[in-house]
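This report describes one protein structure for a reader who is new to the subject. Please keep the sequence and the model in view while reading.

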Amino acid sequence: MLTLIHNLPDHVLGIRASGEVDQEDVKSVLLPGLAVKAEQFGEIYYLLVLETGVENFSAGAWIQDLTAGLKHLTRWKKMAIVTDQPAVEKFTDLFSFITPGEAKGFKMEDLKKARKWVIKR
């Protein structure tokens, strides 16, 4: 399930992933959130808190997520991924080399640090 994280500055989209994540979650929560931020601000600041393993994302969710990433490729400004999955954290750091914005992985214990990093313009 994807849910919005509230109490973030208006320019930041915060999403929490827990349990099973399917295509409908991405379509109803992530895609509209990205579209609003891209339209309102012309750039995307994104905080994702992964409380579930990547294996809990359905194939449809992965396809929708990839499509959204490519659709807004030039608008990504900052992306903070918070997880206790070392492979995801490392992939996020590497992703920064192929996107125009910055991407950084954080451990769950560093959620406050991730939040502070992603909101800074």
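The sections below go from the overall layout to individual strands, residues and contacts.

## Overall layout

The model discussed here is predicted. The protein contains four helices and five strands. Along the sequence, these elements follow the pattern β-β-α-β-α-β-α-β-α. The protein has 121 residues, and 45% of them are buried.

Strand 2 pairs with strand 1, which covers residues 2–4; the two run antiparallel and are joined by three bridges. Within this pairing, Leu 4 has Ile 15 of strand 2 as its bridge partner. Strand 2 also pairs with strand 3, residues 44–50, in the parallel sense, and six bridges connect them. Here Ala 17 has Leu 50 of strand 3 as its bridge partner. In a regular strand, side chains alternate between the two faces of the sheet.

## The loop between strands 1 and 2

Asn 7 is found in the loop that lies between strand 1 and strand 2. Its phi angle is positive, at about 65 degrees, although Asn 7 is not a glycine. With a relative accessible area of 68%, Asn 7 counts as exposed, because the cut-off for an exposed residue is over 50%.

The structure holds one salt bridge. It is formed by the side chains of Arg 16 and Glu 51, with a nitrogen-to-oxygen distance of 2.8 Å. Arg 16 belongs to strand 2, whereas Glu 51 sits in the loop between strand 3 and helix 2 (59–71), so the contact ties together parts that are 35 residues apart in sequence. Side chains of opposite charge can pair when their charged atoms come close.

Are the two residues of this pair buried or partly exposed? Arg 16 is partly exposed, at 25% relative accessibility. Glu 51 is also partly exposed, with a relative accessible area of 45%.

## A patch of negative charge

Which residues gather in a patch of negative charge on the surface? They are Glu 20, Asp 22, Glu 24 and Glu 55. Of these, Glu 24 lies in helix 1, which spans residues 23–41.

Val 21 lies in the loop between strand 2 and helix 1. Val 21 is buried, with a relative accessible area of 1%.

## Residues brought together by the fold

Val 21 also takes part in a contact between separate parts of the chain. Val 21 and Met 1 are 20 residues apart along the chain, while their C-alpha atoms are separated by 4.7 Å.

A second pair of this kind involves Glu 102, which lies in strand 5, residues 102–106. Glu 102 and Met 79 are 23 residues apart in sequence, and the distance between their C-alpha atoms is 6.2 Å. Glu 102 counts as partly exposed, at 43% relative accessibility.

Conventions
Residues numbered from 1 in each chain as written. Predicted model: local features only at pLDDT ≥ 70, side-chain atom pairs only at ≥ 80, totals over all residues. Heavy atoms only, no water. Patch = residues over 30% accessible without salt bridge, like charges linked within 9 Å, V, L, I, M, F, W, Y side chains within 5 Å. Areas by Shrake-Rupley, 256 points an atom, 1.4 Å probe, with all protein chains shown as cover. Salt bridge = Lys/Arg side-chain N within 4 Å of Asp/Glu carboxyl O. Lys, Arg positive; Asp, Glu negative; His and termini not counted. Charge placed at Lys NZ, Arg CZ, Asp CG, Glu CD. Pairing = 2+ DSSP bridges. Buried < 20%, exposed > 50% of the residue type's maximum accessible area, 1.4 Å probe, protein only.
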